[in-house]
Structure formats: C-alpha cells, structure tokens
Amino acid sequence: MIKVSPSILSADFANLEQDLTAVIKAGSDFLHIDVMDGHYVPNLTFGNPIIERINTISTIPLDVHLMVTNPSDYYKFLANLRVAMISFHPATVHHLHREIYKIKELGIKAGVALNPGDSLTMIEEVLEDVDFVLIMSVNPGYGGQSFIEGTYQKIARLDQLREERKLSFKIEVDGGVNGKNAPKLIQAGVNIFVAGSYIFKADDYASAINSLK
Ligand code: DX5
Ligand code: ZN
C-alpha cells in the first residue's frame with residue numbers, strides 16, 4: 001500500500017487551515033512538514049508555534065522533515081504532537097546511530113534523509129535501526145524543483161539492500177514527484193510519496209493523490 005504525504009510547503013499559507021483540511025479530506029496519509037532553518041539549507045520555513053497550530057487542525061499524523069543544523073532540539077517538542085515520523089540529515093548530527101534512537105525512544109518512527117549527492121554507504125551501518133529512509137530527489141531547500149533522474153537507480157539499490165538483509169524499513173521519496181514518475185518510483189521500491197507542488201497546484205487534490213497511489 002503506497003502512502004502519500006503532501007508537503008505543505010506548497011500550500012497556501014494565507015489560507016492554511018482551509019488548504020490543509022482540503023488535502024486531508026482528499027485522502028492524504030500524512031502531512032509532510034518541511035522545517036528549514038536558513039543554515040543547513042538556504043531557505044527558512046516555520047518552527048514550533050506553527051507546527052503546533054497545524055497539529056490542532058490536522059486529523060492525520062505529521063511527517064516532520066528536519067532540514068536544520070540542530071535536529072535534536074526539536075524531538076521532545078514534536079513528541080507532544082501527533083507526529084508519526086521524523087527525518088534528519090546525517091551531516092547535521094555527530095552520532096547517527098544515537099540520533100536514530102533518540103527519536104525511537106520517544107515512540108516516533110525515525111528516518112535518515114539522503115540528499116542527491118549523498119551515498120547510500122552513509123547509512124549502510126544503520127539500515128537495521130531506521131524505520132524509514134527518505135531519499136531526496138531534489139536538493140533540499142525549495143518546493144517545485146525538477147526531479148533528478150538518477151534517483152530511480154539509487155532507490156532500486158536501496159530496495160535491493162533491504163531485500164538482501166530481509167529488513168522492513170520504508171522508502172520515502174521527496175522532491176519533484178508527480179503522476180509521471182510515480183509508477184517508475186513504485187517499481188524501484190518506494191513506499192511513501194512526498195509531493196508538494198504536484199498536489200497543491202492541482203485543481204483536484206483527490207485525483208492528484210489517487211494518481212500517485
Ligand atoms: C524540499 C522539501 C520537499 C519539497 C517537495 O527541500 O523537502 O518536501 O517541499 O516539493 P515538490 O514536490 O514541489 O518538489
Ligand atoms: Zn521534505
């Protein structure tokens with residue numbers, strides 16, 4: 001079963017409640033929350049007070065993607081909300097294995113996010129520990145960028161490692177996902193789609209979400 005996690009970065013921030021309610025009603029499984037700090041990535045989005053308000057509106061779990069230099073500052077706060085998944089980038093932590101368990105110990109699924117230029121070897125030693133791997137198919141920082149083609153290969157290799165080691169972590173893909181590349185991504189091994197502009201720019205959110213599934 002493929003899950004869809006709309007990235008709210010492409011939602012209408014002037015009508016956020018209305019937009020989120022609509023995308024939830026359209027069949028989203030999670031809301032993907034991109035936290036950017038203007039340091040790890042060259043863009044700034046939102047922090048705890050806004051996530052807290054989104055949490056009160058949302059009837060579905062949150063999938064928080066931390067693109068910040070200090071991800072561990074957020075875990076405890078997020079654990080008090082309806083947060084199902086947290087992902088962080090390896091370059092932002094000193095001890096990858098320890099960081100994964102800090103999240104898991106709070107009862108939240110832990111994921112490591114890899115940028116297009118990051119090798120799968122960076123997470124080889126923690127594949128037994130993660131609940132999911134987030135494969136970025138664009139460079140982090142902005143919505144609406146074009147999908148990087150090499151991602152299919154990378155996901156297929158990760159899926160192969162998962163099979164060889166008989167593991168059950170999920171593969172989430174994030175960036176430039178649309179109805180055209182979705183079938184090939186599913187074939188490569190994706191379980192969860194993050195999609196921002198493809199869903200929020202569509203006239204009908206439900207048909208965009210269904211086309212991904
Ligand atoms: C990029 C973010 C993505 C982005 C996806 O740094 O992590 O979640 O919002 O947006 P689209 O689907 O428009 O590429
Ligand atoms: Zn994201």
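Residues are numbered from 1 along each chain as its sequence is written, and chains are lettered from A and ligands numbered from 1 in the order in which they are written. In this predicted model local features need pLDDT of at least 70, side-chain atom pairs count only at pLDDT 80 or more, and totals for chains, interfaces and linings use all residues, while side-chain values use heavy atoms, with hydrogens and water left out.

Student: How many helices and strands does the chain have?
Tutor: Helices (H or I, at least four residues) and strands (E, at least two) are DSSP runs, numbered from the N terminus. For the chain this comes to eight helices and eight strands.

Student: What is the radius of gyration of the chain?
Tutor: The radius is taken over C-alpha atoms, and the globule rule is 2.2 Å times the number of residues to the power 0.38. For 213 residues that rule gives 17 Å, and the chain comes close to it, so it is as compact as a globular protein of that length. The radius of gyration is 16 Å.

Student: Which residues are the protein donors of the zinc ion (ligand 2)?
Tutor: Donors are N, O and S atoms within 2.8 Å of the metal (3.2 Å for Na, K and Ca); water is not among the atoms, so sites may look incomplete. The protein donors here lie 2.1 to 2.3 Å from the zinc ion (ligand 2). They are H32 (NE2), D34 (OD), H65 (ND1) and D174 (OD).

Student: How many residues apart in sequence are the parts that H32 and H65 tie together?
Tutor: H32 lies in strand β2 (residues 31-36) and H65 in strand β3 (residues 62-67). The pair therefore ties together parts that are 33 residues apart in sequence.

Student: Is H32 buried or exposed?
Tutor: Buried means under 20% relative accessible area, exposed over 50%, partly exposed in between (1.4 Å probe, protein chains only). H32 has a relative accessibility of 0%, so it counts as buried.

Student: Which residues are buried in helix α4 (residues 96-104)?
Tutor: An α-helix has 3.6 residues a turn, so residues three or four places apart point the same way. In α4 the buried residues are L96, E99, I100 and I103.

Student: What do the buried residues of α4 pack against?
Tutor: Contact means heavy atoms within 4.5 Å. The buried residues of α4 pack against α3 (75-79), β4 (83-88) and β5 (109-114).
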